[in-house]
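The following report describes the fold, the strand pairing and the annotated sites of the model shown below.

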Amino acid sequence: MDTVQDVLRSASGLPGDSPVRDAEILLAHCLGKPRSWLYTWPEAQVSADTLSQFNTLLQRRREGEPVAYLTGRREFWSLDLRVAPSTLIPRPETETLVEWALQLPLPGDARVLDLGTGSGAIALALASERPAWRVSGVDKHAAAVDLARENAQRCELSQVRFQQSDWFSHVEERDFHLLVSNPPYISEGDVHLSQGDLRFEPESALVSAQEGLRDLASLAEQAPAYLCDGGWLLLEHGFDQGAAVRDLLTRYGFEDVATRHDLAGLERISG
Ligand code: GLN
């Protein structure tokens, strides 16, 4: 029988920036252990069944499927979230939005809405840090709403309510203190859509018309009617859309509009 170490050594030819890490995540998943277990027990034997399951996932990874879809899990803001091909895979740059939201001068019981919540990542991260905030999330796809609800249960944050709505179409509450969104913002025909993980993610979570700005514009336009006086809107956008999004926010009456950079130093969140 092969050992953990042998199996990992044989896992060659994976795409992307982190092939070693990806192989480890997949093997740990097949073994039902945390990744750190592999370092503690490099000599442990891997059964034939586990090996064959691992080789199947490895092959799918070689063909480009995102690791998060292969394991059905992704960590975001230290929450262990379920992810599925019906939703975008939460990304580290979106944690910049969460950080900013947590620094805003909001009341202790702030009402917060995450639009296009997908797996529920942003809403759940905020609720995990601010249990007294009244956080809810909407998504236009029923599959996303189901997944977000499952994640709320999983993270023991079932006070977070999720509902189906196409942006504001079914939002009845008003007077939110904070609206947040990571909407689709990639232009139709962008070359990145045929590369890496994006090929496997839902187009509706990625692509927006008008050079990627249509949904950002629609959120900026509709948001003021749903915010209380002095309320905030934080939007994630592409690294080259900062100026355009600041213009949109200013046009729809937001004041002191600013942009924050993600960990890669790129303009990413405006509000
Ligand atoms: N940040 C993602 C990417 O460029 C896109 C996410 C989105 O469109 N909201 O990979």
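## Surroundings of Pro183

Leaving aside its neighbours within four places in sequence, Pro183 is in contact with Gly116, Ser208, Asp215, Leu216 and Leu219; two residues are in contact if their C-beta atoms, placed from the backbone, lie within 7 Å. Pro183 is found in the loop between strand S8 and helix H9 (203-206). Helices (H or I, at least four residues) and strands (E, at least two) are DSSP runs, numbered from the N terminus. Pro183 counts as buried because 21 other C-beta atoms lie within 10 Å; the class buried requires 20 or more other C-beta atoms within 10 Å of a residue's own, exposed means 12 or fewer, and partly exposed lies in between, with C-beta atoms placed from the backbone.

## Basis and confidence

This is a predicted model, in which local features need pLDDT of at least 70, side-chain atom pairs count only at pLDDT 80 or more, and totals for chains, interfaces and linings use all residues. Residues are numbered from 1 along each chain as its sequence is written. The mean pLDDT of the chain is 97, and 100% of its residues reach 70 or more; pLDDT is the predictor's confidence in each residue, from 0 to 100. For the complex, the predictor gives an ipTM of 0.91 and a pTM of 0.96.

## Domains

Domain 1 covers residues 2-64 and domain 2 covers residues 81-270, with bounds that come from an automatic or database domain assignment. The C-alpha centres of domain 1 and domain 2 are 34 Å apart.

Leu26 belongs to helix H2 (residues 19-31). Leu26 is buried, as 25 other C-beta atoms lie within 10 Å. Not counting residues up to four places away in sequence, Leu26 touches Phe54, Leu57, Leu58, Arg61, Val67, Leu70 and Thr71. Leu26 and Pro85 are separated by 59 residues in sequence and by 17 Å in space, C-alpha to C-alpha.

Strands of a sheet pair through backbone hydrogen bonds, either parallel or antiparallel. Here, two strands pair if DSSP finds at least two bridges between them. Strand S5 (residues 111-115) and strand S8 (residues 176-181) run parallel and are joined by 4 bridges; Leu115 stands opposite Ser181 in S8. S8 and S9 also pair in the parallel sense, over 5 bridges, and the bridge partner of Phe176 in S9 is Leu227. Between S9 and strand S11 (residues 267-270) there are 2 bridges, and the strands run antiparallel; the partner of Glu236 in S11 is Ile269. In strand S9 (residues 227-236), 7 of the 10 residues are buried, so S9 is largely enclosed by the rest of the structure.

## Annotated sites

An unreviewed UniProt entry places the feature "domain: Methyltransferase small" at residues 107-192. UniProt positions are given in the numbering used here, feature names are shortened, and annotations may be inferred rather than shown by experiment. Over residues 107-192 the chain is 26% helix and 24% strand, with the end C-alpha atoms 40 Å apart.

The unreviewed entry lists a "binding site" at Gly116, Thr117, Gly118, Ser119, Gly120, Asp139, Trp167 and Asn182. For "binding site", UniProt also lists Asn182, Pro183, Pro184 and Tyr185 (unreviewed entry).

| Residue | Loop | C-beta atoms within 10 Å |
|---|---|---|
| Gly118 | S5 to H7 (121-129) | 30, buried |
| Tyr185 | S8 to H9 | 22, buried |

The contacts below exclude residues up to four places away in sequence. Gly118 is in contact with Thr87, Leu88, Asp139, Ala144 and Ala205. Ser119 touches Leu81, Arg82, Val83, Thr87, Pro90, Leu147, Ala148 and Asn151. Tyr185 touches Ser208, Gly212, Asp215, Leu216, His237, Gly238 and Gln241.
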